[in-house]
Amino acid sequence: MSEEFQVIIGLEVHCQLNTKSKLFCGCSADFRADAPNTHVCPVCLGLPGALPVLNKKAVEYALKVAKALNCTIPEEGEFCRKNYFYPDLVKAYQITMGDDPLAIGGYIEIEDDAGNPKVVNLTRIHVEEDPGRLVHMGNKERGYYTLVDYNRSGIPLIEMVTEPEMSSPKEARRLLNKLRATLEYLDVFDPEKEGSLRVDANISIKGHERVEIKNITSYKGVEKALTFEITRQKNLIRRGGRIVRETRHFQEGKGTTTSARSKETANDYRYFPEPDLPVIRVADWVKDIELPELPDARRDRFMSQYGIAVNHARTLTGDLKLAEFYEAIAEVGAALAASWTADILMGELNYRDMHVSEVAGHADQFAELITLVRDKKITDKAGVEVLRVWLDALHNEAKSEAPSAIVERLGLARESGESFRGIVEAILEKNPQAIEDHKAGKKGALNFIVGQVMKETKGKSDPREIHAMISEILGE
Amino acid sequence: MADIYNAFLSEAEIAGEGDGILKGVRVAVKDNISTKDIETTCASKILKGYIPPYDAHAVTLLKQAGAVIAGKTNMDEFGMGSTTENSAFGAALNPRDTTRVTGGSSGGSAAAVAGGLVPLALGSDTGGSIRCPAAWCGIVGLKPSYGRVSRFGLIAYANSFEQIGPMANNVTDTAKLFSVIAGHDVRDSTSVNKPYDFAGLKADIAGKTIGIPKEYFGEGVDEAVSETVKNAIAKLEELGAKTVEVSLPSMKYALAAYYVTCTCEASSNLDRFDGVRYGEIAPDTNMPWHDAYTKVRTAGFGDEVRRRIILGTFALSAGYYGKYYVKARHARQQIAKDFAKALTQCDLLAGPTMPNVAPKLGELTKDPLQMYQADILTVPANIAGIPAISVPCGTAHNMPVGLQIMGRMYDEETVLNAALAYEEAC
């Protein structure tokens, strides 16, 4: 059934560039910790008579991105006005770019759902200003009202549009991850700032109308919204319904999309060239831009320099901070460090909703932990236990306790199998059935016994040694 | 002095702290130029109560030169008009005959100077708004080259055409005021670094070649006006100038290109007036925002402003942009090229500023098309971006007539020197 539904996804991604000041005025762009309407001036408030002056840094950042994403960069770019009324838009027009964007074409390499390399082409990249922010207040009894905060008004955004070439929500998520990593490597974007990324997604089932989902504000949200929308569209088609071309809003909390009112979508933006800004000639700037090592190059280097597997290399380079963290500890043993970082640490961080940046300052302690495992001072299992205790202390109490101290405090040091002989014998005695099963040739029957011993010894024993000891006791 | 000409919308006495060439001189400022702490309305109800928190760059320069800001002058609402009758606060009256209009849109500034209320005034010129009232009130007004004066703080009507410029009783004062406001401003990305040196002003016309575009004496130009201007040109020849007839064939597209572009830009510029952030007309918070905006804008804008917003919105809308805006852009380039070419053959161009003398109140506003037609001789300089001055050159029908002298881009020097030579010879 499902093969008759071919999914086509295209993304429009907006990222805030992390320049010091806004796109067209000198107001500080670092506004998140401050009171509403404190990072404003006549320009970003759109006061009568105020004029925009281009922040060249923002254009330079966007050009870096364009170059990193293999785009064609025309010699000239032209700003234009996108006219529409909305209370967060001070001038009733957004200064953006129309027919002459900064960059056209380009591509991003991802993996498809089968793990094969896949190229997603880009349509264009341009720079534009962010509008202000509406905060909806009030309640049913006392009435609703809306407050406007213009601190965000004029923050530089980069808009990247892909061709409709992704065929699953997971591909879309991978594209976003790749894009985020690239922007982070270029040091033009801070993904940890709230609302710094916003996505509009176009999605259709081949042969049917296209639907746009507006303003998804998280990476997870994109995958969720697309998954919901595919199910909705498939069900509608199966029931013989017709997909209408429309804009839908994603309800982050519910994980659903709802139709936007047609009034909001019937805009004619009346684009025309911005008369207050001259055409920008970027040809000379582009030449001077030097790119740092990007995620793909770093992945390849990790594989050749550290000899680690492609999946580890990909995970470790998918986040700049993670890549830097790995490189700081790789000397304790590249392969062991890769597996402990990419698999174990990442799992534990995700479980706690933590980011690698929270442990980045304590790489030496993480290296110490891996060294304890490497030198068989503790077992793998005890290592994970130490890691959990260590992370919890960091996360909950901002306290960094040395892994060796944790091992000492909790008595987790690995002990030789001989010291557990009594425990092994006692457990064997209590579980005659398992021994029967084992002798009857039932695979895995001994694992139960080993597990019991591990539990009893709090992970201080080495499962391989215990296994050998059991065999010996059973006279095998 | 009582403001019997309704020249001022608000009066002030704010002395600049500077000690420059305008020390203690009272200067009137058109009400579309932002003045810190002085209400700035563009003669529109929608901006009533708006007090800018900052000075326009030109006003900052006036204060630095020691000038006293004497008040804000009446104008056509947002600069849209050629008579100053489209003011929400009543028409300005022509000091030479108070039954007649001042011209516009900088009519309040012209009346304030011509009526002796102030010696100097700032106006703004989008399609003739300085030169028209200067001609009709019998004073001098200069529209600078595009970019030579910062537009920072000038409340935009049609950004790509307009400039702030000086108005005065004579060429010398005009040049002096121009020297204060000209120069580069980082806050206006279209501004150029071309200051004007007042010390360089001298009566100088001998040996210059003046092109006389035949289109400036064609159909629609009043014969008596034509005659007066031709006499003025004869005077220039007496002073040693050489005149040649030139032709600007694309001028027939000038008005259409101008009105399409300026209404497009205006429709976008004026969309921000929604009552949310400033002005006395506040949106009704019990209504959906869309309806509340409509109510504010319907109450706040006058007929001519609404007409131009609707025209511009139409011309920019999907399916029409290519037919109107893009065509107008091509026409502008062609007109600019024609003027640049003519100005390679000659140093200056001269002709009448206005095709008629100041009409009676109510006469021109009856028919918007007829009013737009009155801009035919001033609009080309805005399209070409070149400097243009209007100098009084006698009368027709007992009313003042202006001689318009246009020059090469950024060559106000030659324009002002020629105007001074003419003025001194009269």
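Modeller: Let us start with a single residue, keeping in mind that this is a predicted model. P156(A) has a relative accessibility of 0%, and because buried means under 20%, P156(A) counts as buried.

Colleague: Where in chain A is P156(A) found, and which residues is P156(A) in contact with, leaving aside its neighbours within four places in sequence?

Modeller: P156(A) belongs to strand β10 of chain A, which covers residues 156–162. Leaving aside neighbours within four places in sequence, its contacts include C15(A), Q16(A), L17(A) and T19(A), and also A58(A) and E128(A).

Colleague: How should I read aromatic rings, and how many aromatic pairs does a search of the whole structure find?

Modeller: For each pair, read the distance between the ring centres together with the angle between the planes. Over all chains, the search finds 25 aromatic pairs. In one of them, F302(A) and Y306(A) are edge-to-face, at 5.3 Å centre to centre and with 80° between the planes. These two residues are separated by about one helical turn, because they are 4 residues apart in helix α6 (residues 295–306) of chain A. Both F302(A) and Y306(A) are buried.

A second pair, F161(B) and Y258(B), is tilted, with 5.0 Å from centre to centre and 55° between the planes. F161(B) lies in the loop between β7 (140–143) and β8 (163–168) of chain B, and Y258(B) in helix α6 of chain B, so this pair ties together parts that are 97 residues apart in sequence. F161(B) is buried, with a relative accessible area of 0%, and Y258(B), at 3% relative accessibility, counts as buried too.

Colleague: Which residues do ring pairs link into a cluster, and which residue lies over the face of Y219(A)?

Modeller: The cluster consists of Y50(B), F78(B), F273(B), Y278(B) and F301(B), linked by ring pairs. As for Y219(A), R180(A) lies over its face, at 4.7 Å from the ring centre. In chain B, K48(B) lies over the face of F89(B), at 5.5 Å from the ring centre.

Colleague: Finally, how do I read the scale of whole chains and of the contact between them?

Modeller: The size of an interface is often given as the accessible area lost when the parts come together. Here, chain A and chain B bury about 2900 Å² between them, with 57% of it on carbon and sulfur atoms. P48(A), F85(A) and R270(A) supply 23% of the area that chain A buries against chain B, more than any other three residues. The contact takes 32 residues from chain A and 41 residues from chain B.

Chain A itself is divided into domain 1 (2–288), domain 2 (295–410) and domain 3 (417–473), and the C-alpha centres of its domain 1 and domain 3 lie 59 Å apart.

Note on methods. Residues numbered from 1 in each chain as written. Chains lettered and ligands numbered in written order. Predicted model: local features only at pLDDT ≥ 70, side-chain atom pairs only at ≥ 80, totals over all residues. Heavy atoms only, no water. Phe/Tyr/Trp six-rings, centres within 6.5 Å; stacked < 30°, edge-to-face > 60°. Buried < 20%, exposed > 50% of the residue type's maximum accessible area, 1.4 Å probe, protein only. Lys NZ or Arg CZ within 6 Å of the ring centre and 35° of its normal. Domains from an automatic or database assignment. Contact = heavy atoms within 4.5 Å. Buried area = accessible area lost by both parts, 1.4 Å probe.
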